[in-house]
Structure formats: C-alpha cells, structure tokens
Amino acid sequence: MTVAWKDMMLDKVAIGPVSARIYQGADYGKGPPIVLYLHGGAFLDSETNVDRPVAISLAKAGAIVAAVDYSSLSGNLFPKALEVSFSVLSYLANKRAAGLGDRKSLLFVAGEEAGGNVAAGVALKARDQMPDALDGQVLISPLLDPFMGTSSIRKAEAIGMRQRWTEGWSHYLSGGGCHPYAAPCLCSRLSGVAPALLFTAEDDPLHDETLGYGARLKTAGVGVRQHVLPAGTGWPSLYGGKSEGVPDWQEHVSRHFGSFLQDVSVQPQLH
C-alpha cells in the first residue's frame, strides 16, 4: 500500500499546540484505526520532520498514524514527555474533534525504543485516567529498564548503544524520580492496561527486557501478542546501528500489526 504524509499542527491539544506528521495509506477503509506514534532516539534526539519507517509500516496496515513531536515541548524529560504524549492521546480520543478517523475508529499508542517507553507509560496512565479509551499498545523494542541489567543488552556494545542509552536514561529521569510511568518494567500493577503487541528480534539488545515485560503483562491478565524477528532482518538499524544488507523488518511490523488490528476488532473483551 502506498503511504502519503502531511505535516500539521494539532492546535487544540490541552497542553498546547503539538506538531505532527500524519501518515495515511491510500487504501484505508471506513473507520480507520488511529495510532499515536512516539519516536525513538534514546531520550536524546529531538529531530523533527524526518521519515519514520515504523510509522510508515503501521500506516501500510490501514491505520492513520500521527507521529507527534513530543520532544520539543518536553525536552525529552520525564514527566513532561509523558504529559505531552498523554495530552495528544486525549485529543485523538475525540476523533471527530481531531479531524482524524470517526467514532468507529480504534485508538492505539505505539513507539519504538525510547518512544516505546513513553508509549507504555501512556498506556498505564490511560488505564488510570481514561478507562476503555485505548484499544491497544504497540511496543517495538521498548527501552524500559533504567538499570540495563539484562544479558541481551550487553550486545548493545556492538552497535555503540549502551553508552548512549546510559546517557539517555540519565537525561530522561533528571526531570524527576523513577515513577512507574517512567520505567514501566518497575510497575507493580499492570492489570487492566490495553492489549499489547510487542516486537523484538533475536539480535536485538533490548530482546530480554521486551519479552520480560510481555511476560509480566501476560501474568497480569493482559492480552499480549509478541513477535521475535529472526536475526539478519536489519533490526539494529532501528537504533541507527549498522546492519548488513537492506533492513526488511518493516514488512514484518506491518503484517503483524494488521493481524493485531483484526484480533482487537473481533474480540472486544480484549479491550
């Protein structure tokens, strides 16, 4: 599916105007799902107006994807980054006012790496403050553990990410404490959050914490679909790392997200 995009300002968000790049597939149907997408960048990047391969992959599955610039307003600091993102989610939940989708549109939050952390925090806050508004969360190698104590994360050295993530965590948490919304893997109460779709890869440094969080969600009774892509799909390029050949993980993300949409649509008890 061909995906087009346009830049727009979400000027009625409660926290203030937020810029966004809206991705939309050419063949989306009636009541298309709406996805709030939060970019990665180790809590350090604030680059805007760049193409987001993950957002494009989600749009190819038929969604309208709002890739928002949560960094400029928040400085990539907690809790401001979470507040900005949650404010946009609240805005998108009123689909007709947002001008995206309609009353039948399902609502999702998605993010990769640092954005996956913020997305998981948004899902927790939505459970606590906007029950039943969020239909699902898509966590793509979420950066969840500030202690970085897993065995797989040692592989981050190979792509030059461990030091960067250390600096990123220090920056993100410098805004105020290690609240469960800031480090969802430390949250003691996960029940009741929206169903989750998790992605990682065999050669992903964040492999262990992604699957560990998925296991904890399952134990809490949350519907979870998780996919471990094989090594060699170019997954480390998600973080700007080097990979051999052309990354082909985008097709996997699009296909599995499409299946997740169908599951959530036909099984309302998962909401």
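**Burial, helix packing and backbone**

Me: Is Ser87 buried or exposed?
Reply: Ser87 has a relative accessible area of 10%. Buried means under 20% relative accessible area, exposed over 50% and partly exposed in between, with a 1.4 Å probe and protein chains only. Therefore Ser87 is buried.

Me: What pLDDT do local features need in this predicted model, and which residues do the totals use?
Reply: Residues are numbered from 1 along each chain as its sequence is written, and side-chain values use heavy atoms, leaving out hydrogens and water. The model is predicted: local features need pLDDT of at least 70, side-chain atom pairs count only at pLDDT 80 or more, and totals for chains, interfaces and linings use all residues.

Me: Which residues does Ser87 touch, not counting those up to four places away in sequence?
Reply: Ser87 sits in helix H3; helices (H or I, at least four residues) and strands (E, at least two) are DSSP runs, numbered from the N terminus. Contact means heavy atoms within 4.5 Å. Not counting residues up to four places away in sequence, Ser87 touches Val13, Ala14 and Ile15.

Me: At what angle do H3 and H5 pack?
Reply: H3 covers residues 80-93 and H5 residues 114-129, and their axes lie 9 Å apart. Axes are lines fitted to C-alpha atoms, for helices over the stretch in contact, with angles from 0 to 180 degrees between N-to-C directions. The angle between H3 and H5 is about 60°.

Me: Which word describes H3 relative to H5?
Reply: Angles under 35 degrees count as roughly parallel, over 145 as roughly antiparallel, 65 to 115 as roughly perpendicular and the rest as oblique. At an angle of about 60°, H3 is therefore, relative to H5, oblique.

Me: How many nonpolar residues does the contact of H3 with H5 have?
Reply: Residues of H3 including Phe86 and Leu89 meet residues of H5, among them Val118 and Val122. Ala, Val, Leu, Ile, Met, Phe, Trp, Tyr, Cys and Pro count as nonpolar, Asp, Glu, Lys and Arg as charged, and the others, Gly among them, as polar. Beside 3 polar and 2 charged residues, the number of nonpolar residues in this contact is 7.

Me: How far apart in space are Leu36 and Ala110, C-alpha to C-alpha?
Reply: Leu36 belongs to strand E3 and is buried, because its relative accessibility is 0%. Leu36 and Ala110 are 74 residues apart in sequence, and C-alpha to C-alpha they are apart by 6.1 Å.

Me: What is the omega of the peptide bond from Phe78 to Pro79?
Reply: Most peptide bonds are trans. Pro79 lies in the loop between H2 (70-74) and H3. The bond from Phe78 to Pro79 is cis, with omega near 10°.

Me: What is the phi of Asn76?
Reply: Most residues other than glycine have a negative phi. Asn76, in the loop between H2 and H3, counts as buried because its relative accessibility is 4%. Although Asn76 is not a glycine, its phi is positive, at about 60°.

Me: Which residues is Ser46 in contact with, leaving aside its neighbours within four places in sequence?
Reply: Ser46 lies in the loop between E3 (34-38) and H1 (53-59). Ser46 counts as partly exposed, because its relative accessibility is 44%. Leaving aside neighbours within four places in sequence, Ser46 is in contact with Ser71 and Asn76.
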